[in-house]
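I have the notebook open and a chain to walk through. Here is what I looked up, entry by entry.

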Amino acid sequence: MRLGIIAAGLALLAGASSGLAAVVTGTGVHTIGPFGTTGPLQAGVGGAISFQAGSGMDSVSGTVEFTNNASSSSQSFTLRLTDFTFRSTSATPVTLQLNIVQDFALDSRAVLSARTSHQFQGSGEFVSALQSGQMSKTSTHEATMLPAISSGSFFGLGFMDFFASHNQFVVVPTDQIYRINATYTFVLRPAGAGVATIRIANTAVDSANLVLGPPPPPPCDTIDFNRDGLFPDDRDLVDFLTVLAGGQCSEPACNDLDFNNDGLFPDDTDLLTFLRVLAGGTCAP
Ligand SMILES: [Ca+2]
Ligand SMILES: [Ca+2]
Ligand SMILES: [Ca+2]
């Protein structure tokens, strides 16, 4: 599922619903933001937000997409820069640095392993053999700084494709948030010979794939069985026993009999668990 949050310019972005948006900051020849929030982006949610600065042949525009997908045994995050165009007619080299930060909410299950990759694929577009460009990227996933990747210098008349990638395992997160912090650096040398362009049609992305452990056992219900606000209280035990025996609870909105939430009831295990928790024990035996 993707919730589209597409805004056409910085003025719009500032007022856009940024609850899902990554924090995007551009520095160098153009200033972008910072705008957006780090999240965290919840599982099953995705979105996109666009940016733009400069005008005409001296401008930058692009879209940041972010997704948090969860399945029964894994969770995956992507933070993508796409529909990106950076162009300049400057006589001197121009540099643009784009920083994107997004937090992703983790499932409550334990993370067994986390594998990450960052990569980009794009093209330079030159009208003169004097022109050239370069693109590089650094990325930090949680506490792991991935090795920088770079296109090296690309040049030549027409379209020049470039590509760089890296993937590795990273230290698994210890809290419920996974942060990706990516910085793209673009250099254009138009040499005053007309417009020079760096374009990323699709692929400039950080991704993380987490293998998850089994789901935790469901927690027990509250020991305030009769929901009168009083607990621990012997009346809760009396009401529990009464309802278990088929009688009426003394309060109007008592809890269900499946105290341990394992789906089985009526079940003596619920009574034993209730007694254990009432006595100060834990839900799990
Ligand atoms: Ca009570
Ligand atoms: Ca229950
Ligand atoms: Ca049960």
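This is a predicted model: local features need pLDDT of at least 70, side-chain atom pairs count only at pLDDT 80 or more; totals for chains, interfaces and linings use all residues.

**Entry 1, the helix pair.** I began with helix α2 (residues 234-244), whose buried residues are D236, D239 and F240. For "buried" I used 20 or more other C-beta atoms within 10 Å of the residue's own, against 12 or fewer for exposed and partly exposed in between, with C-beta atoms placed from the backbone. Looking down the axis of α2, I found its buried residues within an arc of 100 degrees, so they line one face of the helix. The arc here is that of the directions from the helix axis to the C-beta atoms. Helices (H or I, at least four residues) and strands (E, at least two) are DSSP runs, numbered from the N terminus.

Next I asked what covers that face, and α3 (268-278) is included in the cover. I then turned to α3, where D270, T273 and F274 are buried. These fall within an arc of 105 degrees seen down the axis of α3, so they too line one face of their helix. The buried residues of α3 pack against α2.

Residues are numbered from 1 along each chain as its sequence is written, and chains are lettered from A and ligands numbered from 1 in the order in which they are written.

**Entry 3, the whole chain.** I counted 3 helices and 15 strands in the protein. Its radius of gyration is 27 Å, well over the 19 Å that the globule rule gives for 285 residues, so the protein is more spread out than a compact globule. That radius is taken over C-alpha atoms, and the rule is 2.2 Å times the number of residues to the power 0.38. The C-alpha trace spans about 90 × 40 × 25 Å along its principal axes. I have domain 1 as 3-212 and domain 2 as 217-285, with bounds from an automatic or database domain assignment. Their centres, over C-alpha atoms, are 51 Å apart.

Which strands pair with β7? Strand β2 (residues 23-28) runs antiparallel to β7 and is joined to it by 6 bridges, and 12 bridges join β7 to β13, also antiparallel. I call two strands paired if DSSP finds at least two bridges between them. L96 sits in β7 (residues 94-105) and is the bridge partner of G28, while Q97 stands opposite T185 in β13. L96 counts as buried because it has 23 C-beta neighbours inside 10 Å. Beyond four places in sequence, its contacts (C-beta atoms within 7 Å) include V60, F86 and F186.

The largest nonpolar core has 44 residues, and A22, V64, L79, I100 and F186 have the most contacts inside it. Such a core is a set of buried Ala, Val, Leu, Ile, Met, Phe, Trp, Tyr and Cys residues joined through C-beta atoms within 7 Å. Strand β13 (residues 177-189) gives the largest share, 7 residues.

Notes. Two residues are in contact if their C-beta atoms, placed from the backbone, lie within 7 Å.
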